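Let's take a walk through a protein together, one step at a time. Have the sequence and the 3D view ready, and keep turning the view as you read.

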Amino acid sequence: MKNVSTHFVRMVVLSDGGLKTVIGGLFALELYVLSVAAALAGGADVLEAAYARSADGTYRFDVTVRHEDAGWEHYADKWQVLDADGTVLGERVLFHPHDTEQPFTRSQSGIEIPIGVQSVVIRAHDKKHGWGGAELTIELEN
């Protein structure tokens with residue numbers, strides 16, 4: 001029983017990108033769980049998207065993103081619309097975390113899609129992991 005108690009009280013947790021030893025029973029366990037949750041938050045996922053073509057020929061995209069935002073150092077900070085070759089056609093910058101609003105939808109108008117492009121890929125970015133979450137491909141109606 002003594003060994004179990006020792007492991008419980010003394011834990012190593014991630015703290016600002018480094019390792020830190022924490023001592024303190026339940027408080028240590030709580031910090032450990034929170035650190036693991038933040039580390040496992042992963043990339044920002046695009047869940048769904050809708051688009052509309054304006055009279056001037058540009059497009060508006062409404063994109064829903066999910067990410068376990070964890071304050072100003074780790075949040076989904078933008079999404080992009082790309083063609084099949086990876087050329088960025090449009091981007092929406094997100095200026096603040098959405099800790100209490102998940103998933104969230106944001107829009108961007110004025111996106112120019114070249115004639116002949118039949119589908120686009122939408123991806124999201126987060127400040128800690130960069131690109132890498134779930135992407136969404138949308139077939140465009142001409």
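Two strands are said to pair if DSSP finds at least two bridges between them. Helices (H or I, at least four residues) and strands (E, at least two) are themselves DSSP runs, numbered from the N terminus. What you see is a predicted model, in which local features need pLDDT of at least 70, side-chain atom pairs count only at pLDDT 80 or more, and totals for chains, interfaces and linings use all residues. Residues are numbered from 1 along each chain as its sequence is written, and side-chain values use heavy atoms, with hydrogens and water left out.

Let's begin with the whole chain. The protein chain holds two helices and nine strands, and from the N terminus on its elements run α-β-β-α-β-β-β-β-β-β-β. How far can you trust each part? The mean pLDDT of the protein chain is 75, and 68% of its residues reach 70 or more. Among the elements, helix H1 (residues 2-9) has the lowest mean pLDDT, 32, while S9 has the highest, 96. Over residues 1-40 the pLDDT is below 50, and this stretch has 39 contacts in the model beyond near neighbours in sequence. Contact here means heavy atoms within 4.5 Å.

Now look for the sheets. As a general rule, strands of a sheet pair through backbone hydrogen bonds, either parallel or antiparallel.

Strand S5 (residues 76-82) and S6 pair in the antiparallel sense over five bridges. Gln80 has Glu91 in S6 as its bridge partner, and Leu82 stands opposite Val88 in S6. S5 and S6 form a hairpin with five residues between them, and in the turn Gly86 has a positive phi of about 95 degrees. S5 also pairs with S8, again in the antiparallel sense, over six bridges; here Val81 stands opposite Ile122 in S8. Four bridges then join S8 to S9, and these two strands run antiparallel.

A second open sheet has three strands in the order S3-S4-S7, and its pairing is antiparallel. The edge strands are S3 (45-53) and S7 (104-111), each pairing on one side only. S3 and strand S4 (residues 59-66) are joined in the antiparallel sense over eight bridges, and Tyr51 stands opposite Phe61 in S4.

Of the 142 residues of the protein chain, 34% count as buried. A nonpolar core is a set of buried Ala, Val, Leu, Ile, Met, Phe, Trp, Tyr and Cys residues joined through side-chain atoms within 4.5 Å. The largest such core has 20 residues, of which Phe61, Val65, Trp79, Val81, Ile113, Val120 and Ile122 touch the most other members. S4, S5, S7 and strand S8 (119-126) are the elements that give two or more residues to this core, and the largest share, four residues, comes from S4. Leaving aside neighbours within four places in sequence, Val81 is in contact with several residues, including Phe61, Val88, Ile113, Val120 and Ile122. S8 is mostly covered, with seven of its eight residues buried.

Is Glu139 buried or exposed? Glu139 counts as exposed because its relative accessibility is 56%. Across the pairing, Ser119 stands opposite Glu139 in S9. Not counting residues up to four places away in sequence, Glu139 touches Tyr51, Gln118 and Ser119. Glu139 and Val120 are 19 residues apart in sequence, yet 6.7 Å apart in space, C-alpha to C-alpha.

How values were computed:
pLDDT = per-residue confidence, 0-100. Buried < 20%, exposed > 50% of the residue type's maximum accessible area, 1.4 Å probe, protein only.
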